[in-house]
Amino acid sequence: MEMGCRSMYQVGDLIVYGGNGVCRVAAVGPGPRGGRFYTLEPVYQSCTIMTPVDNQKVFHRPIITRQEALSLIDDIPTIQAQAYHSKVMRELTEHYDAMLKTYDCRSLLELTMSIYVKRQDAQSQKRRLGSVDEAFQRKAEDLLFSELACALDLPREEVQPFIAARLEGRPS
């Protein structure tokens, strides 16, 4: 996906802004040193971000639509999650980081599901999941559930129960 925006975001738009996740465009106007800037307010953090309108360095895009969120949830049973294993910590970190930095909901879902499979494998062998796996699962879930919450107009803590209820109600 292209990092820059083809058309300017408007005040009130919800966008994914890199690792900050979902942000609301609070203002569009002149920046402190000239040029046009967005003032962004992360939905689930207490801070303000100012970024140039033509920023090509940080990934940004509009959040998915409600219909795209529902379709993604409906696809969950068809996703074949594979645990990724590497004895080299750097390779594991690079693999997870590459998936995370797509900022694509399906990739984030696949990442969380693959680490969940890895957790189940570890538990069946009476082992703990590694700290790298746990950290990336938390970050991926945070980005994914935050975007789904905004797309579905739900409180973030209701996303997992919503997914479970929707999947339970589907014919096999």
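Predicted model: local features only at pLDDT ≥ 70, side-chain atom pairs only at ≥ 80, totals over all residues.

User: What is the strand order in the open sheet?
Analyst: The five strands of the open sheet follow the order β4-β3-β2-β1-β5, with antiparallel pairing. Strands (E, at least two residues) and helices (H or I, at least four) are DSSP runs numbered from the N terminus, and two strands pair if DSSP finds at least two bridges between them.

User: Which strands stand at the edges?
Analyst: β4 and β5 do; each has a single partner strand, so one side of each is left without a neighbour in the sheet. On average, neighbouring strands are turned by 40° against each other, direction ignored. Axes here are lines fitted to C-alpha atoms, for helices over the stretch in contact, and angles run from 0 to 180 degrees between N-to-C directions.

User: How many bridges does β1 make with β2, and what does the turn look like?
Analyst: β1 (residues 14-17) and β2 (residues 22-30) pair over three bridges in the antiparallel sense. Their hairpin has four residues between the strands, and Gly-18 in the turn has a positive phi of about 50°. Ile-15 has Cys-23 as its bridge partner in β2.

User: And on the β5 side of β1?
Analyst: β5 (residues 60-62) is also antiparallel to β1, over three bridges. In β5, Pro-62 is the bridge partner of Ile-15, and His-60 is that of Tyr-17.

User: Are the faces of β1 covered or open?
Analyst: Both faces are covered: Leu-14 and Val-16 are buried on one side, and Ile-15 and Tyr-17 are buried on the other. Buried means under 20% relative accessible area, exposed means over 50%, and partly exposed lies in between (1.4 Å probe, protein chains only). In a regular strand the side chains alternate between the two faces of the sheet.

User: What about β3?
Analyst: Five of the seven residues of β3 (residues 36-42) are buried, so this strand is largely enclosed by the rest of the structure. Seven bridges join β3 to β2, with Ala-27 opposite Thr-39. Five residues lie between the strands of that hairpin, where Gly-34 takes a positive phi near 95°. Towards β4 (residues 49-52), β3 makes four bridges, and Tyr-38 stands opposite Thr-51. The hairpin of β3 and β4 has six residues between the strands.

User: Changing topic: which residues touch the most other members of the largest nonpolar core?
Analyst: Leu-144 and Leu-148 do, in a core of 38 residues. Such a core is a set of buried Ala, Val, Leu, Ile, Met, Phe, Trp, Tyr and Cys residues joined through side-chain atoms within 4.5 Å. The largest share, eleven residues, comes from α4.

User: What does Leu-148 touch?
Analyst: Leaving aside residues up to four places away in sequence, Leu-148 touches Ile-64, Ala-69, Leu-72, Val-159 and Ile-163. Contact means heavy atoms within 4.5 Å. A second, separate core of nine residues includes Tyr-9, Ile-15, Tyr-17 and Val-25.

User: Which residues of α2 are buried?
Analyst: Leu-92, Tyr-96, Met-99 and Leu-100 are buried in α2. They cover an arc of only 105° around the axis, which puts them on the same side of α2; the arc is that of the directions from the helix axis to the C-beta atoms. The buried residues of α2 pack against α3 (105-124) and α4 (131-152).

User: One last item: is Glu-134 buried or partly exposed?
Analyst: Glu-134 is partly exposed, with a relative accessible area of 21%, and lies in helix α4. Residues up to four places away in sequence not counted, Glu-134 touches Arg-119, Arg-128 and Leu-129. The C-alpha atoms of Glu-134 and His-85 are separated by 14 Å, with the two residues 49 apart along the chain.

Terms used:
Residues numbered from 1 in each chain as written. Heavy atoms only, no water.
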